[in-house]
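Welcome! Here is a short tour of a few local features, taken one at a time, with the sequence and the structure at hand.

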Protein chains: 2
Amino acid sequence: MPNDLFITNVRPMGSGTVNIAITDGAISAVGPDATAPEAGTPAVEGGEALVFPGFIDAHTHIDKTLLGMPWRRHEVGPTLMDKIVNERELVKRLDLDSHERSMEQVRRSLANGTTAIRTFSDINTEWKLKGFHGLLKTREDVGGLMDLQIVTFPQSGMLIRPGTLALMDAAMAEGADVVGGIDPCSVDRDPAGHLDAIFALADKHDADIDIHLHEPGELGAFSLDLVIERTRVMGWRGRVVISHALCLGGVDDMRLRGLAEQLVELDIAIMTHAPGGHRAIPDVKLLRSLGVRVCSGNDGVRDAWGPLNKPDMLQRAYIMAYRNNLRRDDDIEELIRIVTTGSAEVIGLPKHGIEAGARADLVLVDAETHVEAVIEHPPRKAVIKGGRVVARDGALLDGIL
Amino acid sequence: MPNDLFITNVRPMGSGTVNIAITDGAISAVGPDATAPEAGTPAVEGGEALVFPGFIDAHTHIDKTLLGMPWRRHEVGPTLMDKIVNERELVKRLDLDSHERSMEQVRRSLANGTTAIRTFSDINTEWKLKGFHGLLKTREDVGGLMDLQIVTFPQSGMLIRPGTLALMDAAMAEGADVVGGIDPCSVDRDPAGHLDAIFALADKHDADIDIHLHEPGELGAFSLDLVIERTRVMGWRGRVVISHALCLGGVDDMRLRGLAEQLVELDIAIMTHAPGGHRAIPDVKLLRSLGVRVCSGNDGVRDAWGPLNKPDMLQRAYIMAYRNNLRRDDDIEELIRIVTTGSAEVIGLPKHGIEAGARADLVLVDAETHVEAVIEHPPRKAVIKGGRVVARDGALLDGIL
């Protein structure tokens, strides 16, 4: 059968050496004695490499990356609005094509072992659905090589730019997956109005919600209160992600625990990529210890917002470890779960992991332990997507994307 | 002459393509028209590679790295004392040989383009000078291939472990370069006593001082006040480094500016490697804007304190950019100066840089711009130490160390 594969001598986290049998793109057996699905099945000799489930980039902006283009000096002012305005101007000036840009990032992500992406699609009254349509085309072009979820995202504001909501509605009707929102107080200046509109749109399209929340301290916590209320009333349990959630690093311990309790109750997940800077950020270990589900992503990769992020979730796990000062192996192993199975669960992908029944999205890495692989994040030895070998030694195979 | 070299077609930061002529280990000419020192001088064709001055690791602990040893699970408790005690036990249990350990790190650092290291040498009443003697041997063995400064460092405490100060005195007499100290309040519990002893030892040996200061907020600022007083009274201007200086991230703006003014007046430099964690850290851009000199280093590399740091100052510059949220090219270029010429000046190395008269410590990197090189930190194309090519494509040449 196509997409049958037999992988020998690889080491999953927390287990000895195994073979992995893949039938029709899904894992059919895992174990030291697992045998090939049938005689003549193509084989990959693992050579004692580590094996990870495919990495999940649950928060990025692939429509705007400058990867593969000439270096641009980054000279943007410090505020959020500086960056939003600068980006709109740059996209226009460079006439960035969201299809071309997103294909570039998808290729590099896949070569680094990312097998699913949740991307935000900027929708505003200037570009209208142009960028979104480029992403739709990318989703079509990548086919089974990358799971791609598209979030309708009002980066430039929604209520403050009338017409945006109707465009988001149109995008949802045309096939976007998730309804996005942004800083209900500080961008739209009308938190109840912003969130009511977002939740109504999600209800109309029976869609999940993913809200960028950069607002600091008690302001962000207030917006989060409003999200929690609506999640509860609308019955949207397990369907809301709060991205960034910087406020969770900026409120006192009692307030944090009160919020966390409700996040757990309503299964609202937090996306953090462990940003830099001198303001407090969410403490991943603390959130996990309180039972909050956490996913991660690379955020914008070399784009108008800055050049620091890379399309590599194994490097992201390293950044998360460093930024959160997590040095213990068990803590870093939890980060590995976050960038693989954890993020897959949060964004609602099918069964993901190294077990029978899961889709055969797998990444082989040469290192001594999984934690060492995080720290060194060397080029991936092999990437398997849906049972098909798509990359070796850090590069896509010929003919892949 | 030995250590003559002619490097063609390389790009220094902020300049067009140049050639670099090297005579007897020092740069004799730089420019688009620079010619070989004489006919037959060995040549390196740069191929439009970027060129950096050698990287300076101004703060590390090469006597204790676990690099090159089997992976050890890191399972240490959260406090400073947990880590200090764990380390002493581990060094004993594994019978770590400081000469062997330090040679391992020096090799890897040099392959990554580090051409000078200031290392701390743990001195305590248990090991006495055993580790220090291993480092002395390393300094001898590396000869001209790595500038190595050794700081006598009372990691386990000085006054609380009587006999330590005498051992430090003996190490200084045997050839250590710099007098170290640590957290005068929280480790030794007698800040005036600790600092008086450190400064007296420095005075006796006419040596510079480098003090680890992890103490947070106003406690650390108080210790810093005491350091400032002694630096002024003793006339030790330009001879004191405060390593970590976490307190500079944890005091209010007016207190910070008051301290910074005195740091500038007395030319006390700050070493920061931009640590992770959820506590505030020194803001590199703010310190530089106030005129404070800043140097950097990798701190402990894969050792009993944790596995996250690597022996690579180009990656360190990336971490510093990420941790300080510096995304602008000009800000990242300032970090490049810090890990090269800035750190060289702070630790008192001879003229360092890409200019006539400087020692020919140079690193070639393939990337589009110097900032991109920071972000990608690819294997170094070539490393030149004192006019001699010592590494290519990330690996030391045969016969080098």
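The expected span of a helix is 1.5 Å times one less than its number of residues. Keep that in mind for a first stop in this predicted model: helix H7 of chain A, residues 253–265. H7(A) has 13 residues and reaches 18 Å from its first C-alpha to its last, close to the 18 Å expected at 1.5 Å a residue.

Which residues of H7(A) are buried? They are A:Leu256, A:Leu259 and A:Leu263. These residues cover an arc of only 70 degrees around the axis, which puts them on the same side of H7(A). Helix H6 of chain A, residues 217–234, is included in what covers the buried residues of H7(A). Just after H7(A) comes A:Asp267, with a positive phi of about 50 degrees.

**H6 meets H5 in chain A**

H6(A) also has helix H5 of chain A, residues 191–205, as a partner: their axes come within 10 Å and cross at roughly 35 degrees. In general, two packed helices are described by the angle between their axes and the distance between the axes. The crossing in which H5(A) passes H6(A) is right-handed. From H5(A), the contact draws on A:Pro191, A:Ala192, A:Leu195, A:Phe199 and A:Asp203, while H6(A) brings A:Ser223, A:Leu226, A:Val227, A:Arg230 and A:Met234. By type, the residues of this contact between H5(A) and H6(A) divide into 7 nonpolar, 1 polar and 2 charged.

**Where the chains touch**

Now for the contact between the chains: 27 residues come from chain A and 27 residues from chain B. On the chain B side, helix H9 (313–323) and helix H11 (370–376) each supply at least two residues. H9(B) gives the largest share of that side, 4 residues. The residues of chain B that touch chain A divide into 9 nonpolar, 9 polar and 9 charged.

**Loops and a helix end in chain B**

The table lists where they lie.

| Residue | Loop in chain B |
|---|---|
| B:Ser15 | between strand E1 (5–12) and strand E2 (18–23) |
| B:Asp206 | between helix H5 (191–205) and strand E9 (208–212) |
| B:Ala274 | between strand E11 (269–271) and helix H8 (284–289) |

B:Asp206 has a positive phi of about 50 degrees although it is not a glycine. Is B:Asp206 buried or exposed? B:Asp206 counts as exposed because it has 8 C-beta neighbours inside 10 Å, and 12 or fewer is the cut-off for that class.

B:Ala274, also a residue other than glycine, has a positive phi near 60 degrees. B:Ala274 is buried, with 23 other C-beta atoms within 10 Å; the cut-off for a buried residue is 20 or more.

B:Ser15 has 13 C-beta neighbours inside 10 Å and so counts as partly exposed. From B:Ser15 to B:Gly31 there are 16 residues in sequence and 9.4 Å in space, C-alpha to C-alpha.

The last stop is helix H1 of chain B, residues 80–93. H1(B) has 14 residues and reaches 20 Å from its first C-alpha to its last, close to the 20 Å expected at 1.5 Å a residue. After H1(B) comes B:Asp95, whose phi is positive, near 50 degrees.

Conventions: Residues are numbered from 1 along each chain as its sequence is written. Chains are lettered from A and ligands numbered from 1 in the order in which they are written. This is a predicted model: local features need pLDDT of at least 70, side-chain atom pairs count only at pLDDT 80 or more; totals for chains, interfaces and linings use all residues. The arc is that of the directions from the helix axis to the C-beta atoms. Two residues are in contact if their C-beta atoms, placed from the backbone, lie within 7 Å. Axes are lines fitted to C-alpha atoms, for helices over the stretch in contact, and angles run from 0 to 180 degrees between N-to-C directions. A crossing is left-handed if the near helix is turned anticlockwise from the far one by less than a right angle, and right-handed if clockwise. Ala, Val, Leu, Ile, Met, Phe, Trp, Tyr, Cys and Pro count as nonpolar, Asp, Glu, Lys and Arg as charged, and the others, Gly among them, as polar.
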